[in-house]
Amino acid sequence: MNRGSGWNRWDLHVHTKNTNKNDQFSSDNFDDFCISFFKKAVEKQIKVIGVTDYFSIENYLKIKEFLTRINDIDALNEIKNEVENIYLIPNIELRMLPSTDSGKLINIHCLFNPDYVDNLKDDFFTTLEFNNFKMTRTGITRLGRDMKPDVPNDTAAYEVGINNFVITPDKLESIFNENDTLRQNTITVVSNNSTDGASGLRKHFELFENDYASSLDGVRKKIYNLSNMIFSARKGDIDYFLGRKGDLKEQVIQKCGSLKPCIHGSDAHSEDKLFMPDLDRYCWIKGTLNFEGLKQVIYEPTRVVIQDEEPEKKIGYEVIRSIKILNTNNTFTQNEINFNSNLNSIIGGKSSGKSLLLYLVAKTVLSQEKFDVISKYKNFVDYDELPKDIDCEVLWEDGVVSKLSSFENRRHIEYIPQLFLNNIAEDKKNELFNQTINDLLYRKDGYKEALDSIHKSIDEKKISLNSEIEKYFTNKTELIRLETELTTLGDKNAISVLIDDLIEKLQELKSKSSLTEDDEQKMKNINASIVNKLQENLLLKKEIGLNSSINKVTNEIGLKIEQFIADEFNVIDVIDEHKVILKDYHEKLSKNIIQSIDKFKEDNPLKNDTLLESIKSIEEEIEDLGKSLIPYNDKISDQKQFVSVEQELKNEQLKLDDIESKEKEISDQKLKLDIKKFIDLYKELFEIYISISSLNEPYKTIGDELELITYIDFNIKKFYDNFSYFVTKNQSMNNLFNETIFTENSEYLYKKENHIENIEKVLNKIFLENMKFNQSKTSKEMTKALLDDYFDIAYDLKQGNDSLSHMSPGKKGIVLFQLFLEVSSSKVPILIDQPEDNLDNRTVYKTLNEFIKSKKVDRQIIMVSHNSNLVVSTDSENIIVANQNGQNSPFARFDYINGALEETKKKNCAEPNILLEQGIREHVCEILEGGVEAFKKREEKYNI
C-alpha cells in the first residue's frame with residue numbers, strides 16, 4: 001500500500017562476510033551468512049540496507065546474486081516477501097587523507113544509486129588512483145605487490161593494497177566535478193568520529209562546544225563540502241549540523257556548504273552486531289524505500305531521526321488510512337486512495353475532483369448534524385449531482401471503517417471547505433469568526449464543562465435580576481395601594497386635633513360627675529387595657545396575613561422546585577440501561593425535597609386556628625372590660641353625652657391607630673424599593689462574562705506569534721432598538737444624560753471600564769426624574785430593557801502589533817489557517833480546501849511552510865492546493881493526483897493516484913492512463929505553476 005513517504009528503519013552501514021577489513025563473521029559460507037543477514041533484518045524491521053565494504057561493491061553484488069536464488073532457499077520461505085522488499089544500496093567506504101589527530105585516516109562513504117552500479121567501473125573505480133594504481137581489484141592488488149613484493153599470492157597482495165590505498169579530497173572532488181551524472185547518483189557521507197572522522201582534524205569538542213571555534217581549516221571545509229550527510233548518532237553533532245546548536249544555520253551553511261543530516265548504522269563486522277546499533281540508536285528515515293527516497297534527506301534534513309521508537313507516530317483513531325469509493329457506474333476509481341499520517345496534498349487540474357474527494361471524506365466521517373452545520377456555510381459546494389448508488393468507506397489506522405451509508409463509526413474531524421477562511425476574513429461583523437473560535441475552544445478538554453457552568457451562572461443571574469425587577473414593581477404597586485388606602489382613612493392632623501378636643505370634653509363631663517379620683521383611675525386603667533387589647537388584636541390579625549404569605553411562598557417553592565427537577569431530568573442524555581436508575585433518583589429527590597418543605601410547614605409557629613382563637617378571646621376580654629365601665633359611667637351626670645363622647649373618642653383613636661399602622665406599612669414598603677439591587681445583580685452578571693476571559697487565558701498564546709484576545713462586546717444596535725429608541729421624544733440621549741454615555745444619534749458609548757457606572761446613572765435618571773417613554777412603554781419595561789443581557793463574548797487575533805480587523809484579507813487568511821491548526825487541542829485530522837486562496841507565492845513560502853511542517857507532526861493534514869510552494873516546500877509526505885477523464889475514456893470519470901514527492905518517472909506518452917504516464921514529481925511540476933522552481937528552491941534551501 002503506497003501511502004507516500006513514511007518512517008522506516010534504515011541501516012546504511014552494514015559490512016558482510018568477506019569484508020575487506022576486520023572480517024569477524026563466523027558463517028561457514030556466504031549463503032549461510034546471507035540467511036542470517038536477512039533473517040536479522042526482517043526481525044529488526046530494517047527496510048533499507050547499505051551493504052558496505054572498503055573500496056569495493058563485490059559483496060553487494062554477491063548478495064544481489066543470492067537474492068536471484070531466494071526461491072531455492074528454504075530457510076527464508078516464510079519471510080521471502082519481506083526479504084524481497086528490502087532495498088539494498090551499495091556503500092563504498094574509502095580512506096581519505098589527511099590523517100586525524102589520532103593518526104588515523106578519515107572515513108568517507110559513497111552510497112550509490114543501485115540503478116547506476118553498471119557505470120561505476122568506468123565512472124568511479126577506474127578514475128580514482130593512489131600512486132598511479134587504480135581503485136579496482138587489479139589495481140589494488142598491484143599496489144599491494146608494489147609495497148610488499150614478497151607476498152605469497154594475489155589475495156595477500158590485495159589485502160596489503162586495501163590497507164594502504166587512500167584517496168584525497170581533491171581527487172574525489174575532481175571526479176564529481178567532471179561527471180555530474182556520477183554526482184547525481186552518489187551520496188557522500190563522512191564519519192564525524194573524532195578518531196577517523198572529519199572532526200578529528202581538530203579536537204572534536206573545540207569545533208562544536210566552544211564559542212571561540214569560529215572557522216574551519218581549508219581541508220575540513222572541503223571534506224564537509226564534499227559530503228551530503230554525516231555518519232554520527234551523537235546529539236551534539238545532529239544539533240550542530242542542523243544549525244540548532246553552536247552556530248546559526250547560516251554559519252553552518254557557510255562553513256560546511258549546507259546543513260547536513262546525520263545518519264547512523266550498526267557498522268556490523270560480525271553476525272551478533274547485524275542491525276544492532278549501539279544504544280538502540282536506529283536510523284529512521286522518512287521517504288520512499290529507494291535511492292531517491294534517501295536523497296530527500298539531503299533536501300529535508302529533518303526526514304531522519306536517530307532513536308529506538310518510530311518518530312511522529314500518531315494514535316490510530318486520529319489517522320485516516322484510506323478511502324474507497326464504491327459505485328457501479330464507473331464514476332470513481334475502484335482503487336483505494338491512500339493517505340499518509342502527516343501531510344497529504346491533493347492536486348489536479350480544474351474540475352478534476354480535488355475538492356470532491358475532500359468532500360466525500362468529510363461527508364463519510366462527520367456526523368450528519370455536524371456536516372449539516374458546515375453545509376450552511378456561505379459558498380459551500382454540495383455535490384447534489386452525485387450518483388445515488390454511491391457509497392464510501394473510510395478506513396482508519398486502528399481498523400475501524402466509517403461508511404457513507406451508515407451512521408455508525410462516525411468520528412470527529414476538522415473540515416474547512418473552500419472559501420470558508422475567506423468568508424471569515426470578509427465578515428465585517430466578525431460573527432463567523434467569533435463562532436469559529438467558540439467551536440474550536442469548545443473542543444478543548446474540560447472547556448465545555450467550564451463554559452457550560454459559566455453560562456448556567458449567567459442564566460441564573462439573569463433570572464435573579466428579572467425577578468428582582470418584577471418584585472420591585474410588585475412592591476411599588478403595593479405601595480400605591482397602601483398610599484391610596486391611607487388617603488381614605490382621613491386627615492391625621494385633623495383626627496389628632498379632634499382627639500385632643502374629645503379628651504378635654506370628657507374631662508369637663510367628669511368634673512361635673514360624682515366620680516371619685518379612685519373611680520377615674522380605675523376607668524383610666526380599664527380604658528388603657530381596652531386600648532392594649534385592641535393593639536394586641538390588630539397584631540394578631542397581621543400575623544394571620546403574615547402566615548398566609550409564608551404559606552403562599554412555601555407552596556410556590558414546592559411547585560417550582562418540583563417543576564425545575566422535572567425539566568432538568570428530562571434533558572439528561574441517558575442510555576436505556578440507566579433510565580430506571582435515573583427515574584428512581586428523580587422520585588427520591590422529589591420526595592425528600594417535598595417532605596422537607598412539609599416539615600417547614602409543620603414547624604411554622606404561626607397557626608391560623610390558634611390565632612383566630614386568640615383574637616376571639618381578646619374580643620371577649622374587650623367586651624368584658626367595656627361592661628366593667630358601666631358602673632362608673634352611671635356616676636356621670638350627663639351620662640348619655642359622656643358615653644357618646646367616649647365612643648367618638650374611641651372611634652377617632654382607632655382611626656388614628658389605623659393611619660399610623662398604614663404609615664408604618666408604607667414606610668416598610670418603601671424600604672423594599674431599592675434600585676441598587678438591580679445594579680448589584682447587573683454588575684455580577686457583567687463580572688461572570690468577564691470570567692470567560694480568565695477561562696480563555698491558557699489559550700491566549702497561539703504558536704510563536706499569534707495572540708488570542710478575548711473581550712466582552714456590547715450589542716449597541718440591540719440596546720438602541722430595545723431601550724434608547726423608546727426613552728425620549730424629540731430629545732437626544734446625549735442631552736438627556738451625558739455626551740460621554742450617548743452619541744448625538746442616541747447610540748450608547750460602551751466602554752468596559754465605566755459601563756456599570758454609566759448604566760447606574762441612566763437607571764437613577766429613570767427613577768428619580770419620572771422619565772416619560774415613547775410608545776406607551778412602562779418603567780418596568782424600560783428597566784428590563786436597560787438591564788437586559790446585551791453582552792457577547794468576542795475575539796480578536798493579534799500578530800505583533802496588528803489585530804485581525806486591520807489585516808489585509810490575505811494576511812487574515814494566513815492567520816486564520818494558523819489558528820485552525822493551533823487552537824484546537826484535538827489531534828483529529830484536519831481537511832482544508834485551498835488555504836492559500838488570495839495569497840501570493842512569496843507569502844505562502846515565507847509564512848506558511850515552516851508552520852505547516854511543524855503542525856503535520858502533531859496531526860494529520862489533508863489539503864487541497866494549487867500552490868506549488870505549499871505542496872513542495874512543506875515537504876508533503878503524500879501527493880494525491882486527481883484527474884477527470886473524458887466521457888469516452890475507458891477509465892473512471894474521476895481517477896486518483898497517490899505517492900511521494902520523490903517518486904519520479906519520465907513521461908511515457910504511450911501510457912493510456914494519464915495518471916500513470918509519469919511520476920508524482922512530474923505531475924507536480926506539470927500541474928502546479930512554478931512546480932519546477934519549487935523543487936529547486938527546496939533542494940537549495942539548506943545549501944550555499
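Me: Which residues does Q669 touch, not counting residues up to four places away in sequence?

Reply: Q669 touches N475, E478, L479 and L482, where contact means heavy atoms within 4.5 Å. Before going on, please keep in mind that this is a predicted model, in which local features need pLDDT of at least 70 and side-chain atom pairs count only at pLDDT 80 or more, while totals for chains, interfaces and linings use all residues. Residues are numbered from 1 along each chain as its sequence is written, and side-chain values use heavy atoms, with hydrogens and water left out.

Me: Where does Q669 lie, and is Q669 buried or exposed?

Reply: Q669 lies in helix 24, residues 639-671; helices (H or I, at least four residues) and strands (E, at least two) are DSSP runs, numbered from the N terminus. Q669 is buried, with a relative accessible area of 7%, given that buried means under 20% relative accessible area, exposed over 50% and partly exposed in between, using a 1.4 Å probe and protein chains only.

Me: On to helix 18, then. How do helix 18 and helix 25 cross?

Reply: The axes of helix 18 and helix 25 (residues 676-695) come within 9 Å and cross at roughly 170°, which makes helix 18 roughly antiparallel to helix 25. Axes are lines fitted to C-alpha atoms, for helices over the stretch in contact, and angles run from 0 to 180 degrees between N-to-C directions; those under 35 degrees count as roughly parallel, over 145 as roughly antiparallel, 65 to 115 as roughly perpendicular and the rest as oblique.

Me: What classes of residue are in that contact of helix 18 with helix 25?

Reply: The contact of helix 18 with helix 25 has 16 nonpolar, three polar and five charged residues. Here Ala, Val, Leu, Ile, Met, Phe, Trp, Tyr, Cys and Pro count as nonpolar, Asp, Glu, Lys and Arg as charged, and the others, Gly among them, as polar.

Me: And at what angle do helix 18 and helix 29 pack?

Reply: Helix 18 (residues 447-488) packs against helix 29 (residues 779-786) at an angle of about 160°, with the axes 10 Å apart, and that makes helix 18 roughly antiparallel to helix 29. Helix 18 contributes N466, I469, E470 and F473 to the contact, and helix 29 contributes S779, K780, T783 and K784. By class, there are two nonpolar, three polar and three charged residues in this contact of helix 18 with helix 29.

Me: How does helix 26 sit against helix 29?

Reply: Helix 26 and helix 29 pack at about 140° with their axes 9 Å apart, so helix 26 is oblique to helix 29. The contact is made by F719, N722, F723, F726 and V727 of helix 26 together with M782, A785 and L786 of helix 29, and by class these are seven nonpolar, one polar and no charged.

Me: Let's switch to rings. How many aromatic pairs does a search of the whole structure find?

Reply: The search finds 40 aromatic pairs, where rings of Phe, Tyr and Trp (its six-membered ring) pair if their centres lie within 6.5 Å, and planes under 30 degrees apart count as stacked, over 60 as edge-to-face and the rest as tilted. One of them is the edge-to-face pair of F55 and F165, at 5.4 Å centre to centre and 65° between the planes. F55 lies in the loop between strand 2 (46-54) and helix 2 (58-67), and F165 in the loop between helix 6 (154-164) and helix 7 (169-178), so the pair ties together parts that are 110 residues apart in sequence. Both F55 and F165 are buried.

Me: What kind of pair do F719 and F723 form?

Reply: F719 and F723 form a tilted pair, with 5.3 Å centre to centre and 35° between the planes. They are four residues apart in helix 26 (residues 716-727), and therefore separated by about one helical turn. F719 and F723 are both buried, and ring pairs link them into a cluster whose members include Y682, F686 and Y790.

Me: Last topic, the backbone. What is phi of D267, and where is D267 found?

Reply: Phi of D267 is near 50°, a positive value in a residue other than glycine, and D267 is found in the loop between strand 9 (262-263) and strand 10 (282-287). D267 is partly exposed, at a relative accessible area of 35%.
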